[in-house]
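Work through the exercises below with the sequence and the structure side by side, and try each task before you read its solution.

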Protein chains: 2
Amino acid sequence: MLARVASLSHRIVSEEFATVGARGYHYRLLAAIDELGPASQADLGRRSGIYLSDVVAAINELVDQGFAERTADPTDRRRNVITLTDAGEGQLRRLDEQMVQIQKELMSPLSDRESRQLLELLEKMLKGHRLSQSEHRAPATAPRH
Amino acid sequence: MLARVASLSHRIVSEEFATVGARGYHYRLLAAIDELGPASQADLGRRSGIYLSDVVAAINELVDQGFAERTADPTDRRRNVITLTDAGEGQLRRLDEQMVQIQKELMSPLSDRESRQLLELLEKMLKGHRLSQSEHRAPATAPRH
DNA sequence: TGGCTAACGTTAGGGCCACTAACGATTAAT
DNA sequence: ATTAATCGTTAGTGGCCCTAACGTTAGCCA
């Protein structure tokens, strides 16, 4: 049930994003950079819930596309600092707009009240599981040793 | 939002199913065979929403595991008829039980009323999209030529 | 200070799911 | 009888989630 709706939304998102050469990871990372400001890749991974290994690959692609820049952190030579370029901000705004459109399309069979209700229910579910989860599961980075 | 809940549920389902050597496709196919009775692979694909190419692979695995049998259809030499073995019925029942458990766990942060509401909303969404979709999109088999 | 531990980045790879392409074989439609 | 459509099959892609291993650098503390 849930899986079907998710699959539907995933398809729509993929199609839309593909028109501007992006995918979910790119959007989540751009948003994370925008929220955190210049940050390390590990921070971005934690914020966006993407594994570090995938962060590296996705950032590579964003850099190739000219949407982000990777510079060495002078205060910590292990880190790279990721910054958003102007083009990157443009891309983020574009993807944001697409997301709004997509949500509208996805929710179109529902009334405004129902949409809000749905969001509340989903949020409640997530919240409950985040609590019981954090007791025995690491929060989205490399596994502990 | 939705993606997150889906990801969460996907993780739980995967973990549970892995304990009996199954995955989503297997469950969906077993259920489809059970509903349709002995049927062709193409029919199963349409029923379960799985692409024919993946149906073939998953049926291979079910046959290897002794959960299904593939016999030639005497009335149409293109077709294979897929039937459920006793072991296959057992596996299906096991997976059904697991799904009940998983749903319970997933819905645990919600009250019964809220769970029902959530299901209704999701169903309404799907229904709406199925309608607008069937106008211009093939229903889950190979693309038209 | 020296040594252990932990964090960071990177590369490589596996699994599941959705999807496309191409092919031979068979059947149905015109 | 030709054409078109269906069925099964193999092969392969891409997205997302996840694990493993390795070298480098920082931080801790004995």
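**Exercise 1.** Which exposed residues does the face of α4(B) turned away from its buried side carry?

*Solution.* Keep in mind throughout that this is a predicted model. Begin with the helix itself: α4(B) has 13 residues and reaches 18 Å from its first C-alpha to its last, which is close to the 18 Å expected at 1.5 Å a residue. Next, look for the residues of α4(B) that are buried, and you will find B:V55, B:A58, B:I59 and B:L62. These four cover an arc of only 105° around the axis, and therefore they lie on the same side of α4(B). The general rule behind this step is that an α-helix has 3.6 residues a turn, so residues three or four places apart point the same way. Finally, turn to the face directed away from that buried side, where the exposed residues B:S53, B:A57, B:N60 and B:D64 are found.

**Exercise 2.** Identify what covers the buried residues of α4(B), and describe the backbone just after this helix.

*Solution.* Taking the cover one element at a time, it includes the helices α2, α3 (41–48) and α5 (86–107) of chain B, together with the strands β1 (68–72) and β2 (80–84) of that chain. Then follow the chain just past the end of α4(B), where B:G66 takes a positive phi of about 80°.

**Exercise 3.** Describe the surface near DNA strand C by its nearest residues, its elements and its residue classes.

*Solution.* There are 24 residues around DNA strand C, and of these A:A42, A:S53, B:G24, B:S53 and B:R77 come nearest. Sorting by element, at least two residues each are supplied by α1 (2–18), α3 (41–48) and α4 (52–64) of chain A, and likewise by α2 (24–36) and α4 (52–64) of chain B. The largest share, 3 residues, comes from α4(A). Sorting by class instead, the surface divides into 7 nonpolar, 9 polar and 8 charged residues.

**Exercise 4.** How many residues of chain A are in contact with chain B, and which helix of chain A gives the most to that side?

*Solution.* Counting on both sides, 24 residues of chain A are in contact with 23 residues of chain B. On the side of chain A that touches chain B, α1 and α6 (112–133) each supply at least two residues, and α6(A) gives the most, with 12 residues. By class, this side of chain A divides into 15 nonpolar, 5 polar and 4 charged residues.

Technical notes
Residues numbered from 1 in each chain as written. Chains lettered and ligands numbered in written order. Predicted model: local features only at pLDDT ≥ 70, side-chain atom pairs only at ≥ 80, totals over all residues. Near = placed C-beta within 6 Å. Nonpolar A, V, L, I, M, F, W, Y, C, P; charged D, E, K, R; others polar. Expected span 1.5 Å × (residues − 1). Buried ≥ 20, exposed ≤ 12 C-beta atoms within 10 Å, placed from the backbone. Arc of directions from axis to C-beta. Contact = placed C-beta atoms within 7 Å.
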